[in-house]
Amino acid sequence: AIPTASVNSANVCAGSSATLTATPSSGGGTYLWSNNATTQSITVSPANTTTYSAVYTLNGCSSNSANGVVSVNPIPTVSLTPTSQTVCTGSIATLKAIPSSPGGDFEWSTKNADPTIDEIIQYPKNDTSFSVVYTLNGCSSNTVIANIFVTPVPTISFNPTTVCAGQTVTLTPTPSVGGGTYLWSTGATTDTIIVTPYKHKSYSVRYTYNGCVSEDANSRLSFGTKVAANSASATCPGQSVVLTATPEITGGTFKWTNGS
């Protein structure tokens, strides 16, 4: 009887090997493969999808060629954008994976990430990195890493300032970290401003460092009290008279022109 034989097929990733085995209807014969191998099984590493055939001979009778196909799937690639970014504390960091071909799954280093989603959104508290591996048709890409650097949001403060109406004063804020830029409510961009207010007034400044903006800091200027004397008094030489000064706010000290 003329023997028969069958050969399995296989799917592999580019660069990987596959084993094909000829299964005859009856044992005891010989094998001849299309690559000239004479074993029952062969291990091959084709660069592209390739068909391999085997002829089985038993008692001088040969089977028809039995074919097995090794399908080669390309190894996908993936990139992350941006590969590096700097965000302020509490701000959003977004990473997007761009695969060479669609239809695969993403394996992110962050927990509980949906493998079908090509983008993750994070709120990092410290400098960190995230990675992703992309798998398509059973073949996985290399691990790709993106770095995220976190810049603390700066703070800025003022010391309380008291001046007299019409007096010139220099306002100097204190930032938590130097090297940033200033924007005052007056439109000035210097680190200090000189003002001459005539009434209670607030000045605010916003400080920016490495793209991170502080909350507005306010300096409210308070003024010393005004004092009003009683109305003019007429008196005879040698007679005494009482002059009374009436302040807007009590609790201060008085200095008269006669030195008292």
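This is a predicted model: local features need pLDDT of at least 70, side-chain atom pairs count only at pLDDT 80 or more; totals for chains, interfaces and linings use all residues.

Residues are numbered from 1 along each chain as its sequence is written, and side-chain values use heavy atoms, with hydrogens and water left out.

Disulfides, then. A disulfide is a covalent bond between the sulfur atoms of two cysteines. Here, the cut-off is a pair of cysteine sulfur atoms within 2.5 Å. How many disulfides does the structure hold? Two. Counting bonded cysteines along the chain, the pattern is 1-3, 2-4.

Take C13 and C139. Their S to S distance is 2.0 Å. The torsion about the S-S bond is about -105°, so this disulfide is left-handed. C13 sits in strand β2 (residues 10-13) and C139 in strand β15 (residues 139-140), 126 residues apart. A strand here is a DSSP run of E, at least two residues, numbered from the N terminus. Are these cysteines buried or exposed? Buried means under 20% relative accessible area, exposed over 50%, partly exposed in between (1.4 Å probe, protein chains only). C13, at 17%, counts as buried. C139, at 0%, counts as buried too.

Now C88 and C212. Their sulfur atoms are 2.0 Å apart. The torsion about this S-S bond is also about -105°, so the disulfide is left-handed. C88 lies in strand β10 (residues 84-88) and C212 in strand β24, so the pair ties together parts 124 residues apart in sequence. Both cysteines are buried.

Stay with β24, residues 212-213. It pairs with β23 in the antiparallel sense over two bridges. Two strands pair if DSSP finds at least two bridges between them. T208 has V213 in β24 as its bridge partner. The hairpin of β23 and β24 has two residues between the strands, and N210 takes a positive phi near 50° there. On to another partner: strand β21 (residues 181-184) pairs with β23 (residues 201-209), antiparallel, over four bridges. Y182 stands opposite Y207.

Next, an open sheet. Three strands run in the order β1-β3-β5, with antiparallel pairing. β1 (5-7) and β5 (41-44) stand at the edges with a single partner strand each, so one side of each is left without a neighbour in the sheet.

Last stop: F254. This residue lies in the segment after β27 (245-247). F254 is partly exposed, with a relative accessible area of 46%.
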